[in-house]
Amino acid sequence: MSLAVRPEREIRPPAIQIRGVEKRFGDATAVAGIDLEIREGEFFSLLGPSGCGKTTLLRMMAGFETPTSGSVLIAGADMTAVPPYERPVNMMFQSYALFPHMNVADNVAFGLKQDKVPKAEIPKRVAEALDLVQMGDFAKRKPHQMSGGQRQRVALARCLVKRPKVVLLDEPLSALDKKLREKTQFELVNIQEKVGITFVMVTHDQEEAMTMSTRIAVMNAGRILQVGRPHEIYEYPTSRMVADFIGTANFFAGVVEDSQNGQVTFRAEGVAAPLVVAGNLAVGAHAAIMVRPEKIIMGREAPAGAINSVSGVVVEIAYLGDVSIYHVRLESGLVVLVTNANLRHSAEPAVTWDDRVHLSWHPGNAVLLP
Amino acid sequence: MRVGGLRRDWGRRLVLAVPYLWLLVFFLAPLLIVGKISFSESRIGIPPYEPLLDWAEEGFAIIRATLQNYVLLFQDDLYVEAYVQSLTIAGISTLLCLLIGYPMALGIARAPEKSRGPLLLLVIVPFWTSFLIRVYSWMTILRDEGVLNHALMGLGLIDEPLVILNTDWAVYIGIVYSYLPFMVLPLYATLEKLDPTLLEAAADLGAKPIRAFWSVTLPLSLPGIVAGSLLVFVPAVGEYVIPNLLGGGDTQMLGKALWDVFAQTRDWPSAAALAVAMLVALVIPIALFQRIQTRMEEEGER
């Protein structure tokens, strides 16, 4: 997983503000209680499983859906009741929705013609937009004569050529194969940085969201669970659901035994020794400690004086090449996942099946979740 | 295995042979007979034409073919006029069907999925009644003392009854009414397939609904327009019942002219020549049309 943290920008005016938005389809509530502010120049992702309401939220920004209550502001102006064709946003559809009866140049020029851009200026701007996505040589092609990746570029050019305030991307890379998708992720980010337009992307792929976004809103069941920069969401999730959805997580459920000076002593089910973690919760509160698999140190010998130490037996090893994932079963039956980087070419791994191992982690590398 | 394969092969041939046989017996053979008669000379008797081949005494066959019947078609203004009028009436009717049928098809295609079936059924329901009965009903509706005039006078919209029956107006009404489903169904088929995200994309790029219709919906439904227009235009050109029952004396269409020559004048060779000429004059432009259509469809599919 790439955790490239992009430099924090200065605080800029909001491009999109969502205020108390709720959307119901008949009896079903698609999204509820949404408050969100996306600033100019951000690459913002709405991340969540399918059916979580992320696409509905995006479509309300585009104007294809009207909120049941609440308001949508774009560049400071209330756009809640404004039809899509009068909004300063452009959407890149999941299917790209290129007009099949028009060639690439006409597809890109379509939006400019609607805006009554002077005829003489249109070819120049179309060429600029196509060059930006490296599709300058394809102007005369029809959509069906191009590959998925090429269509995706044309769809992006068609959005950018209108110089909108915000570009909305609905699962922009889901139709591409894995290799092309990874390459395109970086291209898309580079283009976004070059043009400086706010991008809002909907995706169910957490790696994609992590790689590309300045900030991510994690959604589930029609609500936003957490908004933050990629590393914040990964390292400091605020709920078990977010921790579980982003990356892999080990949870130790239990009860707070002691809470002092921002440090909590925790009695976890199935773990003999008390666990220590940074946090602040009332004594007796039920909670969970979350530790990422790569934060756990694994060894055959018990670490001297280490807190947060548990021991168990290796029951499963998944070799992924760059890393191996070890499944360690504690005496209580609880299985803990540990990731170890395969740093050496060694044929024999240090730890193998049925080995008794000791696991430990630094208190600062675990998160206390209510 | 081999035997089974062979048997299957024969089964396939048999299935294919049935429609071919049908076309041979009920389409090609009659057409050839009509073609033969069109080159014969007329006479009084049964059948009312001279045989094409005469067996001379020495066993020689004498072919007595004549182009006279075809020449007559072009010399007689009546036929040329009927041809022009047939094309005009069929053309205008097709256009009217398109103007009425397109919004209908679009409405059904955009209706909620549940109500599309019932709406389509409503389009087809008239077919369950005899065509002749439906045309006769129009006579009672359009008559001077008919339902329509009664209603209009009752509402005080007109003082004198409108003369509609036995005019071209009645023919247009009859043809548009009868052939509308043939326009609606193919149009619906193409419009229903149209990807709605294309219209969203158009709106997103700044096109108001009307503009989106002209630049996206209409061009992409062209195959349906062509198919529907052909299905209305072709039978309308040769329409006989409607102009005969609803039209007036000056409504002279090919179908009616054909019947007059065939049944009243009993000049079978001339009638046959007229039928063949009509076929040729229609088949060529339609074949061209259909080639354009298949090419467009292939382009759309790729």
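A:Gly299 stands opposite A:His358, a residue of strand 19 of chain A. Strands here are DSSP runs of E with at least two residues, helices are runs of H or I with at least four residues, and both are numbered from the N terminus. Two strands pair if DSSP finds at least two bridges between them. This is a predicted model, in which local features need pLDDT of at least 70 and side-chain atom pairs count only at pLDDT 80 or more, while totals for chains, interfaces and linings use all residues. Residues are numbered from 1 along each chain as its sequence is written, and chains are lettered from A and ligands numbered from 1 in the order in which they are written.

Strand 19 of chain A covers residues 356-360. It pairs in the antiparallel sense with strand 15 (residues 297-299) over three bridges. Strand 16 (residues 309-319) of chain A is also an antiparallel partner of strand 19, over five bridges, and A:Gly312 stands opposite A:Val357. The covered face of strand 19 holds A:Val357 and A:Leu359, whereas A:Arg356, A:His358 and A:Ser360 form the uncovered one.

Another part of chain A has an open sheet of four strands in the order 2-1-4-5, with antiparallel pairing. Its edge strands are strand 2 (28-39) and strand 5 (77-78), each of which pairs on one side only. Within this sheet, strand 1 (residues 14-25) and strand 4 (residues 69-74) of chain A are joined by five bridges in the antiparallel sense. A:Arg19 has A:Ser71 in strand 4 as its bridge partner.

Chain A is divided into domain 1 (14-244) and domain 2 (248-369), with bounds that come from an automatic or database domain assignment. The centres of the two domains, taken over C-alpha atoms, are separated by 39 Å. Six residues of domain 1 are in contact with six residues of domain 2, where contact means that the C-beta atoms, placed from the backbone, lie within 7 Å. The side of domain 1 that touches domain 2 has three nonpolar, one polar and two charged residues. In these classes, Ala, Val, Leu, Ile, Met, Phe, Trp, Tyr, Cys and Pro are nonpolar, Asp, Glu, Lys and Arg are charged, and the others, Gly among them, are polar.

A residue is called buried if 20 or more other C-beta atoms lie within 10 Å of its own, exposed if 12 or fewer do, and partly exposed in between, with C-beta atoms placed from the backbone. A nonpolar core is a set of buried Ala, Val, Leu, Ile, Met, Phe, Trp, Tyr and Cys residues joined through C-beta atoms within 7 Å. The largest such core has 110 residues, and those touching the most other members are A:Met61, A:Val108, A:Ala157, A:Leu168, A:Val200, A:Val218 and A:Ile289. Both domains of chain A give residues to this core, so it lies between them. Leaving aside neighbours within four places in sequence, A:Met61 is in contact with A:Ile16, A:Val72, A:Val89, A:Leu168 and A:Val200.

Two loop residues of chain A deserve a look for their backbone angles. Most residues other than glycine have a negative phi. A:Arg163, in the loop between helix 4 (148-160) and strand 7 (166-170), has a positive phi near 50 degrees. A:Glu171, in the loop between strand 7 and helix 5 (178-195), has a positive phi near 45 degrees. A:Arg163 is partly exposed, with 15 other C-beta atoms within 10 Å, whereas A:Glu171 is buried, with 20.

Chain B contains 13 helices and two strands. Its radius of gyration, taken over C-alpha atoms, is 25 Å, well over the 19 Å that the globule rule (2.2 Å times the number of residues to the power 0.38) gives for 302 residues, so chain B is more spread out than a compact globule. The C-alpha trace spans about 85 × 80 × 35 Å along its principal axes. Buried residues make up 29% of chain B. B:Leu72 lies in helix 2 (residues 68-75), and its C-alpha atom is separated by 7.9 Å from that of B:Ser270, 198 residues apart along the chain.

The contact between the chains takes 16 residues from chain B and 19 residues from chain A. Helix 8 (196-204) and helix 9 (209-220) of chain B each supply at least two residues of the side that touches chain A, and helix 8 gives the most, with six. That side of chain B has eight nonpolar, three polar and five charged residues.

Definitions and conventions
Contact = placed C-beta atoms within 7 Å.
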